[in-house]
Amino acid sequence: QLFFSYFKDLVGREVTVELKNDLAIRGTLHSVDQYLNIKLENTRVVDQDKYPHMLSVRNCFIRGSVVRYVQLPPEGVDVELLHDATRREARGG
Amino acid sequence: MSWSGGPDDIFLSTSLASYLDKKILVLLRDGRKLMGLLRSFDQFANAVLEGACERVIVGDLYCDIPLGLYIIRGENVVLIGELDLEREELPPHMTCVSAAEIKRAQKAERDASDLKGSMRKRMEFLDMD
C-alpha cells in the first residue's frame with residue numbers, strides 16, 4: 001500500500017519503466033493501481049530501433065508483474081518523506 | 001472490474017476501458033506481438049482481441065499472421081499499447097513478406113543463435129578455473 005500511495009503522488013511526472021524483458025519505456029505517469037499496474041502516456045521507447053513494433057504506440061498499460069524498475073527524476077523524490085513513511089509502516093506492520 | 005480505490009481515485013483507475021474497441025498491440029512474455037481490437041478485459045488483464053493477428057518481425061522483414069478471435073490469459077501479458085492510427089506502425093525500411101518467407105527467416109535466426117550458443121558452450125568448457 002505504501003508504494004501505491006507513493007506512485008499516486010507521482011502521477012503527472014516523467015518516468016522510465018524498465019521491464020523484465022529489458023524493454024525500457026519513457027512516458028508520463030498517467031495512473032497506477034493496487035497491483036502497481038502502470039499506465040503511461042506520451043510514451044517513447046528507449047532504443048527505438050530495437051523495438052520497431054512500438055513505433056506508433058503513444059499510450060500503454062504495463063502489467064505490474066513485469067516491471068523491473070521505475071526510474072524517477074532525482075528531484076522528484078523526497079527521500080526523507082519516503083524514509084519516514086517506511087518507518088511508520090514497519091512499526092504498524 | 002471491481003472498485004479498489006477511494007473517492008480520490010475517481011480519475012485514477014488503471015482501467016483498460018479507455019482502450020475498448022481500439023486497435024491495440026499486446027506484448028506477451030514469450031516475445032510474441034499480437035494486434036487486434038480490444039473487446040473485453042478483466043482485473044487480471046485477461047483480454048479478448050477481435051481480428052487478432054501476430055506480427056512476426058525478423059530483422060527488417062515482417063509478416064502479419066491472422067488469428068481471428070483470441071482470449072489472452074493476463075499472466076502472459078507484458079504490455080498493452082494503444083496504436084495511434086495517425087502514425088506509421090513500423091519504420092519505412094521494413095518489408096512485408098509472406099508467412100512462408102518469415103518462417104524461413106525465423107529458422108535462420110534460430111539456427112544462428114543456436115550455433116552461437118553451442119560455440120559459447122565449447123569455450124566455457126575450455127575455461128579451467
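This report walks through the sheet that chains A and B build together, and then the interface between them.

A word on ground rules: this is a predicted model, where local features need pLDDT of at least 70, side-chain atom pairs count only at pLDDT 80 or more, and totals for chains, interfaces and linings use all residues. Residues are numbered from 1 along each chain as its sequence is written, chains are lettered from A and ligands numbered from 1 in the order in which they are written, and side-chain values use heavy atoms, with hydrogens and water left out.

Helices (H or I, at least four residues) and strands (E, at least two) are DSSP runs, numbered from the N terminus. Two strands pair if DSSP finds at least two bridges between them. On that basis there's an open sheet of eleven strands with mixed pairing, in the order β5(A)-β1(A)-β2(A)-β3(A)-β4(A)-β5(B)-β1(B)-β2(B)-β3(B)-β4(B)-β6(B). The edges are β5 (67-71) of chain A and β6 (95-96) of chain B; each has a single partner strand, so one side of each is left without a neighbour in the sheet.

Here are some of the antiparallel pairs:

| Strand pair | Bridges | Facing residues |
|---|---|---|
| β2(B) and β3(B) | six bridges | B:Leu37 and B:Glu50 |
| β3(B) and β4(B) | ten bridges | B:Leu49 and B:Tyr70 |
| β4(A) and β5(B) | five bridges | A:Asn59 and B:Glu82 |

**Around β3 of chain B**

Helix α1 of chain B, residues 99-126, lies across β3 and β4 of that chain and runs at about 60° to β3(B). That angle is between N-to-C directions on a 0 to 180 degrees scale, using axes fitted to C-alpha atoms, for helices over the stretch in contact.

Two hairpins involve this strand. The one with β2(B) has five residues between the strands, and B:Ala45 takes a positive phi near 65° there. The one with β4(B) has two residues between the strands, with B:Gly59 at a positive phi near 65°.

**Where the chains meet**

Counting heavy atoms within 4.5 Å as contact, 32 residues of chain B touch 28 residues of chain A. The two chains bury about 2500 Å² between them, 61% of it on carbon and sulfur atoms; this is accessible area (1.4 Å probe) lost on being put together, summed over both. Salt bridges (a Lys or Arg side-chain nitrogen within 4 Å of an Asp or Glu carboxyl oxygen) come to zero between chain B and chain A.
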